[in-house]
Amino acid sequence: MGLFSSNKDDNDNNAPKGEINSLGIDLGTLNTVVAKPSGDKFDLYQIPSVVAVKRDDQSSVLAVGEEAKLMLGRTPEDIIALRPLKKGVIESVVQAQALLMKAMEIGRKEKEKVGRIVIGIPGDSTEVEKKAAEEIGIKAGADFVLVINEGLASAIGSGLPIAKPNGILIVDVGAGSTDLVVISLGGITDIQTVRYGGDDIDNNIVKIVKEKFNVEIGIHEAEQSKINVGLVKSSSKDLENLTMETIGKSVETNRPEKVIIDSQLVSEAVEPIIAEIIVALNQILKRLSPELIAGVYHNSLAVGGGSQLRGLKERICDEFKIPIKISNDPMTVVAKGAAIVAAEPRALEPEVRLSGFK
Ligand SMILES: Nc1ncnc2c1ncn2[C@@H]1O[C@H](COP(=O)(O)OP(=O)(O)OP(=O)(O)O)[C@@H](O)[C@H]1O
Ligand SMILES: [Mg+2]
């Protein structure tokens, strides 16, 4: 058996090299990103991870991506818009397959066949979840499918030295979950997943605004305030308190009401999530072998949309004395890493990894 799952016979199973069409796909809770190698760059496409289905037959997918997102909250009662992934895990295979098919359709030219896809999945996925992702890739029409850990894909996509025997730490703060992954010699040596991410921060902001001002704001306004004035508590004095005005619905009068959300408020909403991440990182460091600590010190990287929160880097440095870097490409790096492996699957083979440090 080769690395890839395939709908071809076994002889063919180790995907062919060369000009075969390859795509890297990050099936995220909120966004699905497709990267297609094009010379030494990538063509990148992004769609919201949303599908519209019939309420009484949720395997009947009516629309996918942007089109489905537009239906959110605006559809007739018999149509509902859903996310096929929850907390980074595939909830509905049929819906996730529709999403993947759309992603592949966007990522290829007309009539072009997709030969090889590599899908990034969360670190703690079970064998069953892994198989489900492989299966939907084959069903969606790819000849060869490989599923790899998102943390590993991020490290490859960021150009970190994965083949070296030193440690690398990836902290991926996504919408539904945060993955902590340690990598050495091209393989995963430790993983810890926290089932909290940016979505939970948004929900907390809604809750705190309601408690403080007696005003209910929409989840999109909450997300916007997190993005615009967000902050993680830290010892740094350089991160100023920003403010932003938004409109919510007064609980007392049911009228629109202005509220001012500041960084302080968002940092309160972030705190329970950051506390979980700190617990998980403590566990990772407790298990980490002394051989890997210097590598982790030099090669720690935060990725995922949530890594852009101001103060995250400073807080991690306060807590762990690790000068973590924030990716300058946090939302597409998983898809890029997957695309690199799709174009050259041998990057993952032990002989190639080992030759990296001869
Ligand atoms: N500038 C920003 N500051 C803070 N958070 C941000 C920023 N930009 C995006 N986000 C948040 O990042 C999250 C989306 O990130 P990402 O696309 O990495 O998630 P995902 O891959 O879909 O989710 P998961 O990895 O959990 O499956 C959302 O919660 C979004 O609000
Ligand atoms: Mg992600």
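Two strands are taken to pair if DSSP finds at least two bridges between them, and helices (H or I, at least four residues) and strands (E, at least two) are DSSP runs numbered from the N terminus. The structure is a predicted model, in which local features need pLDDT of at least 70, side-chain atom pairs count only at pLDDT 80 or more, and totals for chains, interfaces and linings use all residues. Residues are numbered from 1 along each chain as its sequence is written, while chains are lettered from A and ligands numbered from 1 in the order in which they are written.

One open sheet has 5 strands in the order β14-β13-β12-β18-β19, and its pairing is mixed. At its edges stand β14 (187-194) and β19 (325-326); each has a single partner strand, so one side of each lacks a neighbour in the sheet. Further in, β12 (residues 168-173) runs parallel to β18 (residues 300-303), and 4 bridges join the two. One of the residues involved is L169, whose bridge partner in β18 is S300.

Overall, the protein chain comes with 11 helices and 19 strands. Its C-alpha atoms fill a box of roughly 70 × 55 × 35 Å along the principal axes. For 358 residues, a compact globule would have a radius of gyration near 21 Å, and the chain agrees with its 21 Å (taken over C-alpha atoms; the globule rule is 2.2 Å times the number of residues to the power 0.38).

The chain splits into domain 1 (5-49 + 84-158 + 332-355), domain 2 (52-83) and domain 3 (160-328), with bounds from an automatic or database domain assignment. Where domains 1 and 2 meet, 13 residues of domain 1 are in contact with 10 of domain 2 (C-beta atoms, placed from the backbone, within 7 Å). On the domain 1 side, β4 (41-48), β8 (85-86) and α2 (93-107) each give two or more residues, and α2 gives the most, with 5. By class, that side has 7 nonpolar, 4 polar and 2 charged residues; Ala, Val, Leu, Ile, Met, Phe, Trp, Tyr, Cys and Pro count as nonpolar, Asp, Glu, Lys and Arg as charged, and the others, Gly among them, as polar.

As for ligand 1, 22 residues surround it, the closest being G28, T29, G174, G198 and G305 (C-beta atom, placed from the backbone, within 6 Å). The elements giving two or more residues to this shell are α5 (198-213) and α6 (219-229), and α6 has the largest share, 3 residues. Domain 1 and domain 3 each supply at least three residues to the shell, which by class has 5 nonpolar, 14 polar and 3 charged residues.

Conventions: Contact = placed C-beta atoms within 7 Å.
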